[in-house]
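Have the structure open as you read.

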Amino acid sequence: MSGGSMQFSVLVGLLRLAIASFSSSVGSSNNTFMCLESERLALLQFKQGLQSFYTYNTLATWESTKDCCDWRGIACNNHTGHVITLDLSFNFLRGEIHPSLLELRYLEYLDLSFNDFGGMMIPVFIGSLSQLKELKLGRANFSGHVPPQLGNLSNLHTLDLSNNENVSSENVEWLSHLSSLRYLNMSWVNLSEAVNWPQSLSKLTSLRELKLSLCNLPDVNLSSLSFINFSTSLQFLDLSNNNLNSTSIFYWIANVSTNYVHIYLSYNKLGGPLPDVFTNMLSLVTLDLSFNQLEGGLPKGFQNLCSLQWLSLWDNQCSGNIEDSIKALSCSKNALESLDLRNNQFWGSIPELTGFSKLRELLLSSNNITGSLPESVGTLSSLEELDVSMNSMTGVIRESHLRDLSRLQSLKLFGNGFYINLSSSHWDPPFQLTSSLALSSCKLGPAFPKWILKQTNITELHLSNAGISGSLPDKFWDLFIHSDWLDLSINQICGKLPNLSTTILGNVNLSSNLLSGAVPSFPPTLNFLDLSTNMFSDLSVGRLSHGCYCLLLKSRKHGYLVLQSNNDPTS
């Protein structure tokens, strides 16, 4: 665990302990009975097997009073005095989990998550705590096989075994016995041999949330689908970051439930056309299919997804007319907040977007889109990020394209053939960008656009090959109080550079311009600097290059420095 992660976990642990302490003190005031002596002794025996480097851990407060119902992390039944809750999460515990816990026969809630049990196996005896309703063992450094005896916990409605990277289960048939289960999280548990996982999970008819990310799941066998029961309970499904490569998974998903709200299938190897299985998923809000190998356009069933708010097909091989795919989302235009179709092969022109009133992200970069940007984009008043970069689009970008975009934070139009006609000296942008302004390869010049000087909170400015000539305005360098990245390469910019040592610039590309004079001082944050193909006469950049000028200089404190093709005779 990194130092930053450890510090964060300590802070979270302190907060949870404070809340647990308050809750315990409030709950104990209403107790009719003190805890049973047998259960008190069982807890003390359990404590003896555990240690923590954290001085103020929950166990350190035990024995402060005779009544164990007053101890932190403990809650008792107000009428019987039986211990019903044991919460030792975020205590950085290590050691032995003693079977004395079996004395807590009425225990309903057990949370040992966010500890470090040193790779020990999940104790088999936990499967005998028959009254358990919630069992949380996530991120506790367990290893070995999941004991199938957990399947005996018929009252369990919450099971979290996530983030135990060395835990595996070759057969998950035991899960099918947990008929009351509503929440299951086994993310990071190795299920690569659990070929029966679809059949076993389909029997959990009360299940509402299923999280199996990073489990190395085997693919679904289509021939087994006829034996799967139908459920309407499952609402949240996360199967991301697995090795699923067959679209059979879509048919399993559709067969298990139609009541989905969130589906995550990103970072798999799903290929072929996207099956038309979403028609009846009328409650679907989130669909993440990014980083797969899917082909074709959006199926017609998307026309029924009126509740859809977030759709990502980023980095697939989808194709077809972009107009047809956007029209397939017509029913969701009043709900859709994020449309991410980046890195695909969609072609054609973007249709009118009137009516997508809640759209915050329109991400269509790196496709084969042609034509102009529709002026109706300027009516998307909720838009925060617009990215149509790296396409083959043309046409003029006018003030009307940006008219109502007061919430815009990032604007990326680079890699197209746009002419940016926003040169009016009186034009006041309705937005204040807080992220990236990227207009490389668009026609901006010859004069530097004055409206850009008003974007004082940008973190990246990319204006390469933008037809800019002449000197930069004096106020230009005031933009880089917050900016990390500057690219003005391949223009006709002339003049001298000011002292930039007080900026936070990390990456600077000013190559292929007409800049002259001495190379100024740069900040210690600098990682990359390209000043090649200019007219600098003095390349004495001191602490950056230490007098060594070559094509690629790897300095002691900085990244790559490129200075070739200038006028300094020593370069």
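Predicted model: local features only at pLDDT ≥ 70, side-chain atom pairs only at ≥ 80, totals over all residues.

Q: Why is the contact between E63 and K47 called a salt bridge?
A: The N to O distance for E63 and K47 is 3.5 Å. A salt bridge needs a Lys or Arg side-chain nitrogen within 4 Å of an Asp or Glu carboxyl oxygen, so the pair qualifies. The two residues sit 16 residues apart, with K47 in helix α2 and E63 in the loop between β1 and β2.

Q: What makes E63 buried, exposed or partly exposed?
A: Its relative accessibility is 48%. Buried means under 20% and exposed means over 50%, so E63 counts as partly exposed.

Q: How do you know that R360 and E384 form a salt bridge?
A: Their N to O distance is 3.7 Å, and the cut-off is within 4 Å, so the pair counts. This bridge links distant parts of the chain, 24 residues apart.

Q: Why is D428 called exposed?
A: D428 has a relative accessible area of 53%.

Q: What makes K454 partly exposed?
A: K454 has a relative accessible area of 35%. That value lies between the 20% and 50% limits, so K454 is partly exposed.

Q: How many salt bridges does the rule give?
A: The count comes to ten. There is also a network of salt bridges linking E37, R40 and K66.

Terms used:
Residues numbered from 1 in each chain as written. Heavy atoms only, no water. Helix = DSSP H or I, 4+ residues; strand = E, 2+ residues; numbered from the N terminus. Buried < 20%, exposed > 50% of the residue type's maximum accessible area, 1.4 Å probe, protein only.
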